[in-house]
Amino acid sequence: MNFCVTEEDVRNYREQGFHVIRGVIPASLLGDLRREARKARELAYRLHGPQSQRLSPLGDHAGAVDLAPFRDFNAIAGLNEAVRQLTSPRHQLGSTENITVLFQPRDRPWSTEWHRDWRDHVLEAEFQAEIGEAWWQEIANRPDFFNQVNCPLFEDTSTWYVPGSHRRVTNSEAEMAVFRSSTQEELRDEGHARTNEELELYCLRYCQAMPGAVQVLLNPGDFMLYRNLGWHLGNYVPYRERLTLHTHAMTPEFRAFATKYGHLLKPREASLERHAKRGA
Ligand SMILES: O=C(O)CCC(=O)C(=O)O
């Protein structure tokens, strides 16, 4: 299939940080993907508990989940070409084995924190020792790095994004105020301090509070490409069935960077450090 990508789409992707190509998955493949993604979800609930929201990477579970439909997804005619038009001739979809399936928690709502990938997942001292502000500024401005994909198999309104935030490495005081306004502990509420309804609305207000944030509405088979350096989050409720393929548009250079510096990623510890440092 020939997916239409216009010059305006390319400009929009560069400026806003996300773009949606509508309806890339044909009906025949959608059924097979839903069947195998459901298996991934059940497996994750069994392995990691009912509040988990992902199984990753699929290649580690090739016995329990048939990867054939995911290979067909990666081979959808015209999809890699459309990705390359939006990014660069050196991009292609990440491997089938590295696909993640995202889904809704089984029992209770929760939301991730607002975050910007990499920078928010690295401890400050290690960041300064191995990357540093000047190089980070350069890396963050490279269009061939940090391009991520969400492709839902059901209607999905879980992802929120702040358009344009990927173009700067600094945060506004208003953004940091929202970040400081909650913690992963509160947003997950493992101590059951709130009822499910209270927690759902608490998470929703947290999403809505971020200046300029948009809730992205994706229909089955829509393909959202986004710069994960921009502020984003996932907000989940058990009553909204979610099965969403999550992958990357990779370049050899980004793969080399991710391999070399992957050891720096410590999301939980880095989040605690950010809260402590900023007085939350
Ligand atoms: O669930 C989503 O759509 C976003 C997930 C996310 O932000 C993350 O895993 O870093």
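A residue is called buried here if 20 or more other C-beta atoms lie within 10 Å of its own, exposed if 12 or fewer do, and partly exposed in between, with the C-beta atoms placed from the backbone. By that criterion 5 of the 5 residues of strand β9 (residues 223-227) are buried, so β9 is largely enclosed by the rest of the structure. The model is a predicted one, in which local features need pLDDT of at least 70 and side-chain atom pairs count only at pLDDT 80 or more, while totals for chains, interfaces and linings use all residues. Residues are numbered from 1 along each chain as its sequence is written.

The protein chain contains 11 helices and 11 strands, where helices (H or I, at least four residues) and strands (E, at least two) are DSSP runs numbered from the N terminus. Its radius of gyration is 18 Å, close to the 19 Å that the globule rule gives for 280 residues, so the chain is as compact as a globular protein of that length; the radius is taken over C-alpha atoms, and the rule is 2.2 Å times the number of residues to the power 0.38. The C-alpha trace spans about 50 × 45 × 35 Å along its principal axes, and 36% of the 280 residues count as buried. Of the contacts between residues at least 6 apart in sequence, 88% join residues at least 24 apart, a contact being a pair of residues whose C-beta atoms, placed from the backbone, lie within 7 Å.

A nonpolar core is a set of buried Ala, Val, Leu, Ile, Met, Phe, Trp, Tyr and Cys residues joined through C-beta atoms within 7 Å, and in the largest one, of 55 residues, Val 101, Met 224 and Leu 225 touch the most other members. Apart from this core lies another, of 5 residues, among them Trp 118, Phe 146, Leu 229 and Ala 270. When residues up to four places away in sequence are not counted, Met 224 touches Phe 18, Val 20, Val 149, Asn 150, Val 216 and Leu 218.

An open sheet of 4 strands has the order β5-β10-β7-β8, with antiparallel pairing. Its edges are formed by β5 (110-111) and β8 (214-215), each of which has a single partner strand, so one side of each is left without a neighbour in the sheet. Strands β7 and β8 pair over 2 bridges in the antiparallel sense, and Tyr 161, found in β7 (residues 159-161), stands opposite Val 214 in β8. Tyr 161 counts as buried because it has 24 C-beta neighbours inside 10 Å. Beyond its neighbours within four places in sequence, Tyr 161 is in contact with Gly 17, Phe 18, Ala 213, Val 214, Val 216, Tyr 226, Gly 230 and His 232.

His 232 leads on to the ligand, which is surrounded by Leu 102, Thr 112, Asn 150, Ser 158, Thr 159, His 232, Leu 233 and Gly 234. Strand β10 (residues 232-236) gives the most to this shell, with 3 residues.

The loop between β4 (100-103) and β5 holds Pro 105, which is partly exposed, with 18 other C-beta atoms within 10 Å. Leaving aside neighbours within four places in sequence, Pro 105 is in contact with Pro 50, Gln 51, Ser 52, Gln 53, Trp 110, Tyr 236 and Pro 238.

Definitions and conventions: A residue is near a molecule or strand if its C-beta atom, placed from the backbone, lies within 6 Å of it. Two residues are in contact if their C-beta atoms, placed from the backbone, lie within 7 Å. Two strands pair if DSSP finds at least two bridges between them.
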